[in-house]
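Biologist: I have a structure open on my screen and I would like to learn how to read it. Could you walk me through a few of its features?

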Amino acid sequence: MPEIALRAGALEKRFGGLRAVSEVSLDVRIGEIHAVIGPNGAGKSTLINLLSGDLPVTSGTITIGDHDVTRLGPDRRGLAGVGRSYQKTTIFPQSTVFENVRLAAQARSQKPLRMFTHALADDSVNLHARGALQKVGLEHRADAVAGFMSHGEQRQLEIAMVLATDPVIILLDEPLAGMGQSEALGVIQVIRSLKDGRAVLLVEHDMDAVFALADRLTVMADGRVIGSGAPEEVRNDPAVRAAYLGHGDH
Amino acid sequence: MDFLTFAVQLLNGVQYGLVLFLVASGLTLVFGILGVINLAHGAFYMLGAYVAYWITSYTGSFWLALLGGVAIAFVVGLLLENVFIRRMYGRDHLAQVLLSFGFILVIDEVRQILFGKDVHSVATPDFLRGSIPLTDVLSYPVYRLAVSLFCLAIAAAIFFVIRYTRIGMIVRAGAENREMTRALGIRFDAVNRYVFAVGIVLAALGGIVIAPISTVYPGMGDSMLILSFVVVVLGGIGSVAGAAIGALLIGLADTFGKVFFPTFSSITVYLLMALVLLWRPNGILGKREV
Amino acid sequence: MANPMKQKVLPLLLVALAAALPFLAPTYYVQFSTRVFLLGLLAMSLNLVVGFGGLVSMCHAAFFGLAGYALALASPQSGPASLWLTLPLAVGVAALAALAIGGLSLRTRGIYFIMVTLAFGEMLFFLFHDTQIAGGSDGAYIYFKPEVAIAGVPLIDLENPRTFYWVALGLLVVFVMLLKALTNSAFGHALVAARNNERRARSLGFPIFRIRLTAFVISGALAGIAGYFAAAQYGFVAPQLLGWHLSATILVMVVLGGMRTVTGPLIGAVVLLGLEEVLKALTEHWKLIEGLIVIAIVLVLPGGVQDLADRVFGSATRRVDEPRSRPEKPAVPPGEPAAATREVEHA
């Protein structure tokens, strides 16, 4: 049984009186893609923010391996093995593609904040960065300025950056949003390859992609989990159909 | 300190706080609604005081100075917005800081040319001279009470306009959701112009009303500027209510600070700010979640 | 590709020329140049935080002035103080102040950061202005330049304006090399990453607060070195050395000369101070003209002299590793669909 990379227990997030996430527990194993779906307002974005540390939990626990990371901010959680992509592509637009990934590799290197030797002189970091670029197929664009690339390429870059940090769990927040058919196919391939040796949590609206990729599925509505398990089971669960499809979503 | 002296200092602190609020509300409105940081805000406060001095010394009438000062400030505000400020919307803070610093250099020198480096005083208007007796021996100046009441009236007016008038509604809507308001066909250029002009007027008003109480001197703009910033930081940017709380806190801290630690009074204010920021990095009424 | 000859030879040539100045120009200009160098140092140190860090600090004059005051307070009236003792003291004081102020201010963002640093700078101004720690508003004299000696044998005579000039030039060279090494290092890249996209930098695992605070303290210490020698040069310290007008003036130098490079602010200092000299000779109301120039720069040349050079000379003057000064997005009036983002802060 592959080990559990990320475990969330009874997560709760309140904003004033509003319960954005309530009693949510789930886990993600190495080698699997665990997709989280649900209508708008279900709490998926909040959930991902809680898991990455961008939002503090109101109550509940989050563990990576056997390391309790609940109280850690996004930077320390990142160091603990979490990598995430954002709904709105979050990269360094002024820098080149290579520099973007190099920075990611630098963050996880032995001495991420060394002060007097030239950053570009670190061969192991450079090698690592090139490797990550190769995995997503962007090495031919290494010298392009990130901000001028197409939306799809920027998404690929973001995934490369996440890879360069050697995460144990990757959180993908609607990676296919705003993508055309052919672009999406490419990204789907990349996402599928991510699960090799890692755990992947995918929040997505594109149902074709979800059913093509997911090993397990969790459905949320109104901040709660209303179904979880193998995709086909969940798809046919009456409670899920009622709550989810009843919202009139695609 | 006996109760009566305490009462007098309390009244002074409140009055000072109210004038601070008057000036700071202009700053927080301009920043909250227009998104522009204006370092020259203090310079307009100073100009207001000098213009009040100038008009009173020529006409002998404080009321003319009040009306004239407001009118001049309003027109200047409209002009500045039209020529300079509207080019600063959406630009980074550094650019805004430098632009307003340029304004300060120009305003300071203009004041120098017109009025020199002299310190002046402005006479209290006849109508408001004298003091109200509090006890057999202690009395409180009528003018100071009038200033406090005036500031309260302005505060109420701001509140009223923002809450209950059409223009206030547009301003609030614009601050909350610009795209939607724009889609509804509301023209913002004029509103922006007026908001900025009102901001300048509020600063100048502060200078005008304070003139009979304290002296009119070249450096008065600087100290007021920093204090207004402290008030806005304490209260949370864009929050007029926050500015009110912050201003009263600072007004009282400064006044009592001067009584108990005369040398360190200025420092007390900044210390207060440091402590508040440790507790709430976005100000007392600012956004909570960072 | 930037000509490596140009990169190595040009700076050496400039330094050699500068070193020759005392033999070519009268003492007034030598002293003026010293002053320009020291303010250039201050501007370059500020730029670590503003240009590379993306944080608009309005209190750097305070670190500059504090170091000067430390020297004044440590200098006996009867003879020179030892540089070996007073320089570390002054720099230490400045660095400590930067640690305290940075530690508190860096908890805030964007506009709050500007206002908070402004207020803290003023706090230090009032500390020296209102109290009698060092003469209050009148300031204090430093009667003798610090002594640089080992076992009573003088090594460098700072009383000699030429020697002082060479010391300042030497400091300049060292500062530039130091700052270049720092900004090219892993630390420097991380600092810039935090400026470019704080959320992503944090998500990658960089400790943002620690990085910024470190930059702030280093910057404060360097400002302190500049302040120490500036005070030694003037022989006098006054609260204005800590005031926010000076802080704003250095900010002008930074923008004027170019924020994205290490030496940009030095150029800004040369241009601004040179301009001031010319204006002062023309009219007693030179501040008015300076104010108008600052306004013009903000409106017309947001990239400073780099922008001007670009327009006049084309891309020949731009170094290949520098992106063209980001074209400012057209100003979006409030109420227009907001395409521009003003705030660095993320929800």
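This is a predicted model: local features need pLDDT of at least 70, side-chain atom pairs count only at pLDDT 80 or more; totals for chains, interfaces and linings use all residues.

Biologist: Let's begin with sheets. How do strands pair, and in what order do the 4 strands of the open sheet in chain A come?

Modeller: The general idea is that strands of a sheet pair through backbone hydrogen bonds, either parallel or antiparallel. In chain A, the 4 strands of the open sheet follow the order E2-E1-E4-E5, with antiparallel pairing. Strand E2 (18-29) and E5 of chain A are the edge strands, each pairing on one side only.

Biologist: How many bridges join strand E1 to strand E4 of chain A?

Modeller: Strand E1 (residues 4-15) and strand E4 (residues 59-64) of chain A are joined by 5 bridges and run antiparallel. To find the place on your screen, look for Glu12(A), which stands opposite Ser59(A) in E4(A).

Biologist: And which residues face each other where E4(A) meets E5(A)?

Modeller: E4(A) pairs with strand E5 (residues 67-68) of chain A in the antiparallel sense, over 2 bridges. Ile64(A) stands opposite His67(A), and Thr63(A) has Asp68(A) as its bridge partner. The hairpin of these two strands has 2 residues between them, and there Gly65(A) takes a positive phi near 65°.

Biologist: Now strand E7 of chain A. Is it buried or exposed?

Modeller: Burial is judged by counting neighbours: a residue is buried if 20 or more other C-beta atoms lie within 10 Å of its own. In strand E7 (residues 169-173) of chain A, 5 of the 5 residues are buried, so the strand is largely enclosed by the rest of the structure.

Biologist: Which way do the residues of E7(A) point?

Modeller: In a regular strand the side chains alternate between the two faces of the sheet. Here Ile169(A), Leu171(A) and Asp173(A) point one way, while Ile170(A) and Leu172(A) point the other way, and all are buried.

Biologist: Which strands pair with E7(A)?

Modeller: Strand E6 (residues 82-85) of chain A pairs with E7(A) in the parallel sense over 4 bridges. Strand E8 (residues 199-203) of chain A also pairs with E7(A) in the parallel sense, over 5 bridges. Ile169(A) is a handy landmark: Ile169(A) is the bridge partner of Val82(A), and Ile169(A) stands opposite Ala199(A) in E8(A).

Biologist: What kind of unit do E7(A), helix H6 and E8(A) make?

Modeller: Together, E7(A), helix H6 (residues 181-194) of chain A and E8(A) make a right-handed β-α-β unit.

Biologist: Let's turn to the chains. Which pair shares the most contacts?

Modeller: Of the 2 pairs of chains in contact, chains B and C share the most contacts. That contact takes 52 residues from chain B and 46 residues from chain C. On the side of chain B that touches chain C, H4(B) gives the largest share, 15 residues. By class, this side of chain B has 32 nonpolar, 10 polar and 10 charged residues.

Biologist: How many residues of chain C are in contact with chain A?

Modeller: There, 22 residues of chain C are in contact with 26 residues of chain A. Helix H7 (186-196) of chain C is among the elements that give two or more residues to this side, and H7(C) gives the most, with 6 residues. By class, the side of chain C that touches chain A has 12 nonpolar, 7 polar and 3 charged residues. Chain A and chain B have no contact joining them, and their closest C-alpha atoms lie 9 Å apart.

Biologist: Could we finish with chain C itself? How many helices and strands are there in its secondary structure?

Modeller: Chain C comes to 13 helices and 4 strands, and buried residues make up 51% of its 347 residues. Of the contacts in chain C with a separation of 6 or more, 73% are between residues 24 or more positions apart.

Biologist: Where does Ala134(C) lie, and why is this residue partly exposed?

Modeller: Ala134(C) lies in the loop between helix H5 (110-130) and strand E1 (140-141) of chain C. Ala134(C) is partly exposed because 19 other C-beta atoms lie within 10 Å, whereas a buried residue needs 20 or more. Leaving aside residues up to four places away in sequence, Ala134(C) touches Tyr69(C), Leu73(C) and Val237(C), among others. Ala134(C) and Pro239(C) are 105 residues apart in sequence, and 9.3 Å apart in space, C-alpha to C-alpha.

Terms used:
Residues are numbered from 1 along each chain as its sequence is written. Chains are lettered from A and ligands numbered from 1 in the order in which they are written. Two strands pair if DSSP finds at least two bridges between them. Two residues are in contact if their C-beta atoms, placed from the backbone, lie within 7 Å. Ala, Val, Leu, Ile, Met, Phe, Trp, Tyr, Cys and Pro count as nonpolar, Asp, Glu, Lys and Arg as charged, and the others, Gly among them, as polar. A residue is buried if 20 or more other C-beta atoms lie within 10 Å of its own, exposed if 12 or fewer, and partly exposed in between; C-beta atoms are placed from the backbone. A crossover is right-handed if, with the strands pointing away from the viewer, the path from the first strand over the helix to the second runs clockwise.
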